[in-house]
Amino acid sequence: MEKTIDETKQGTALETREQQANTRKLYIESYGCQMNFSDSEIVASILSGEGFNTTPNMEEADLILVNTCSIRDKAEQTVRKRLEQFNTLKRDKPSIKVGVLGCMAERLKSQLLEEEQIVDMVVGPDAYKDLPNLVREVDGGAQAVNVILSKEETYGDVAPVRLGSNGVTAFVSITRGCDNMCTFCVVPFTRGRERSRDPQSIVKEVGELWEQGFREVTLLGQNVDSYLWYGGGLKKDYEKASDIQKASAVNFAGLLDQVAAAYPGMRIRFSTSNPQDMTLDVIEAMARHRNICKYIHLPVQSGSDRILQAMNRLHTRQEYMELIDNIRRLIPECGISQDMIAGFPTETEEDHRETLSLMEYVKYDFGFMFAYSERPGTLAARKMADDVPEEDKKRRLREIIELQQQHSLWRNQQHLGKVEEVLIEGPSKRSDAHWMGRNTQNTVVVFPKEQYQKGEFVNVRIEDCTSATLLGTAVGYAQQ
Ligand code: SAH
Ligand code: F3S
């Protein structure tokens, strides 16, 4: 993960006494979803109690950890190449220990220890509290592995060490695992069953971030709308909960209300929403609180009912369109983005055209688009042949991406001439004379710095745009 100068400064300012006394160096790299980046902050926190401080420089590391992703084959190949590079480093400095964390650890288990000679430690997403023991085993010259998935673990009691942070925006995880069993997806196997984190610990973490100067949090989960706290335990065991537990249960809309009301100056985002679980009360909570950003990441994967069913997405195209209509009715300015998969098994040209026509209907602000990648162990891999020819997959993906680019440009053009509230996150990548921030819809806005500072809310007049960025000029501070 790249480190910025600001973050190094902040790291120093926030260093605890414990961290000052630490002598060993941890280099941690994260791949894949936001949850992995958030998990690495939990890992850094757990290991800071074991004598490790993080370093941006892998050459000086005593321990290298790679937080891995299994979502597509390409993601795994990237990590395998990276492990080879660590191997070279280890040849020069044999005392370095290397550990694989996250979804690949869970999926491949001890196979990684056997196959990749350089790996000393394999730790699944629910086993990070065991890291102190595992590191000790590795220090003693053994290999170590823990890939046990948990019913309860949410790391609610661990205060994350913010890594690669801009000091303004942060992730706060609220659920772990996923019960949805989309047939293409490896996540339910690698991250286990769904469980929610205690709302009190979530509000507390948001409060700590506020005190440290953070001004935006993204509540994270594989399926945030399914959040349900009833005193601990798996979501699927809710029916077995006592009447008292049920009476005081908190759902996602309730959690949004609690967090938004506790810190009205803090911007709140969340990701990811699943259409089948996103209820009207969530949209109403968004509309009710000024500080909840008007943006929903709402993956649909396909516009064809037949494919949605084969994917085990538990909604139809029509129901998805009705959800979009409800969002637009209650929050007209809401930004909406998608995830789309091209070339799921049996997908025909007609199915593909249904995807394009759904995109025309929604005109998403942006999207994340992928060619189907068969994942071992998933229902699709076991039951369906990966039968869409590679060139068709690629062409369909290209068509989806091109259409999305047109829509992104069109959406961005709708902002021209408007004055929008932007939270400044840091200097623009392209120019040090400009700030970069986001409007409520999560679109990047770039404008001249003038007297404004990082972490401030500014009103920006939007004057120009590309399909990815809005360009403008600040016209004053935004009222908070
Ligand atoms: N609910 C999750 C989804 C995780 S996976 C979340 O929080 O984002 C992210 C996206 O990767 C999915 O929405 C899907 O579009 C894509 N994806 C998952 N499995 C895939 C596969 N086997 N092949 C291609 N894309 C996949
Ligand atoms: Fe994967 Fe579907 Fe869950 S995409 S993470 S199984 S909602």
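Colleague: Which helix lies across β7 and β10, running at about 165 degrees to β7?
Modeller: In this predicted model, the helix in question covers residues 199-211. Its axis runs at about 165 degrees to β7, and it lies across both β7 and β10. The helix is α9.

Colleague: At about what angle to β7 does helix α3 run?
Modeller: Helix α3 comprises residues 34-48 and lies across β7, β10 and β13.

Colleague: What is the strand order of the open sheet of three strands?
Modeller: The edge strands, each pairing on one side only, are β7 (169-173) and β13 (267-271). Neighbouring strands are turned by 25 degrees against each other on average, direction ignored. The pairing is parallel, and the order is β7-β10-β13.

Colleague: Which residue of β10 stands opposite V172?
Modeller: Strand β7 pairs with β10 (residues 216-220) in the parallel sense, over five bridges. Opposite V172 in this arrangement stands a residue of β10, namely L219.

Colleague: Is N180 buried or exposed?
Modeller: N180 is found in the loop between β8 (175-176) and α8 (187-191). Its relative accessible area is 12%. Because the cut-off for burial is under 20%, N180 counts as buried.

Notes:
Residues are numbered from 1 along each chain as its sequence is written. Chains are lettered from A and ligands numbered from 1 in the order in which they are written. This is a predicted model: local features need pLDDT of at least 70, side-chain atom pairs count only at pLDDT 80 or more; totals for chains, interfaces and linings use all residues. Side-chain values use heavy atoms; hydrogens and water are left out. Helices (H or I, at least four residues) and strands (E, at least two) are DSSP runs, numbered from the N terminus. Buried means under 20% relative accessible area, exposed over 50%, partly exposed in between (1.4 Å probe, protein chains only). Two strands pair if DSSP finds at least two bridges between them. Axes are lines fitted to C-alpha atoms, for helices over the stretch in contact, and angles run from 0 to 180 degrees between N-to-C directions. Contact means heavy atoms within 4.5 Å.
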